[in-house]
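Hello,

Here is the structure I promised to pass on. Please open it first, then read the notes below.

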Amino acid sequence: MMKLSRFAAVLAVLAPVLAPLPALAADVSIDLNKLETQNGNCRLTMVLVNGRTEAVQSLRADLVMFGADGVVAKRLAVDLAPIPASKTIVKAFDVAGLACEGIGSILLNDVPTCQFANGKAGAPSCLEAVSVSSKAGPKFFK
């Protein structure tokens, strides 16, 4: 009986440590909302939703545009922050030298930087802290 109560005591202490981590919800969602060609450049309009209760201070995205043939057409690094806590914002970026008709799909290749107001990253990797979707023509994926 003594061994069982010691085991129970040790288990009670370790339970919070051994418990599975909760599934990580995306901290920030990015929706590719609109594409429009202006002067030979494609303007990407994105809707960003900060699902956290603290502001996003830094969020840098590495985007890769593929042509309809699947070949890389352009690569672009964009700053998406700041995003206030629990807020939806709209950002637009021009992809120089590429008309929107030349984009078959867009890859969120990486999110090399993410920083939240509490000083912590949103997930073990910044890429995991972001979800993507598209209402525009091209597929947007990660």
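A disulfide here is a pair of cysteine sulfur atoms within 2.5 Å. The model is predicted. By that rule, the chain has two disulfides. With bonded cysteines counted along the chain, their pattern is 1-2, 3-4.

**Disulfides**

Start with Cys42 and Cys100. Their sulfur atoms are 2.1 Å apart, and they form a disulfide. This pair links distant parts of the chain, 58 residues apart. Cys42 is in strand β2 (residues 41–50). Cys100 is in the loop between β5 (88–95) and β6 (105–116). The torsion about the S-S bond of Cys42 and Cys100 is about 100°, so this disulfide is right-handed. Cys42 and Cys100 are both buried.

Next come Cys114 and Cys126, joined by a disulfide with an S to S distance of 2.1 Å. Cys114 sits in strand β6, and Cys126 in the loop between β6 and β7 (130–134). They are 12 residues apart. What is the handedness here? The torsion about the S-S bond of Cys114 and Cys126 is about -85°, so the disulfide is left-handed. Cys114 is buried, at 5% relative accessible area. Cys126 is buried too, at 13%.

**Core**

The largest nonpolar core has 33 residues. Which of them touch the most other members? They are Leu44, Met46, Leu59, Leu63 and Met65. The elements giving two or more residues to this core are β1 (28–38), β2, β3 (56–66), β4 (72–79), β5 and β6. Look at Met65 in particular. Leaving aside neighbours within four places in sequence, its contacts include Leu44, Val72, Leu76, Val95, Leu98, Ile103 and Ile106. Lys74, Arg75 and Ser105 are also among the residues in contact with Met65.

**Rings**

There is one aromatic pair. The rings of Phe66 and Phe141 have their centres 6.5 Å apart and their planes at 25°. Planes under 30 degrees apart count as stacked, so this pair is stacked. Phe66 lies in strand β3 and Phe141 in strand β8 (residues 139–141), so the pair ties together parts that are 75 residues apart in sequence. Phe141 is partly exposed, with a relative accessible area of 25%.

Two charged side chains sit over rings. Lys139 lies over the face of Phe141, at 4.7 Å from the ring centre. Arg52 lies over the face of Phe116, at 3.9 Å from the ring centre.

Best wishes

Technical notes: Residues numbered from 1 in each chain as written. Predicted model: local features only at pLDDT ≥ 70, side-chain atom pairs only at ≥ 80, totals over all residues. Heavy atoms only, no water. Helix = DSSP H or I, 4+ residues; strand = E, 2+ residues; numbered from the N terminus. Buried < 20%, exposed > 50% of the residue type's maximum accessible area, 1.4 Å probe, protein only. Core = buried A, V, L, I, M, F, W, Y, C linked by side-chain atoms within 4.5 Å. Contact = heavy atoms within 4.5 Å. Phe/Tyr/Trp six-rings, centres within 6.5 Å; stacked < 30°, edge-to-face > 60°. Lys NZ or Arg CZ within 6 Å of the ring centre and 35° of its normal.
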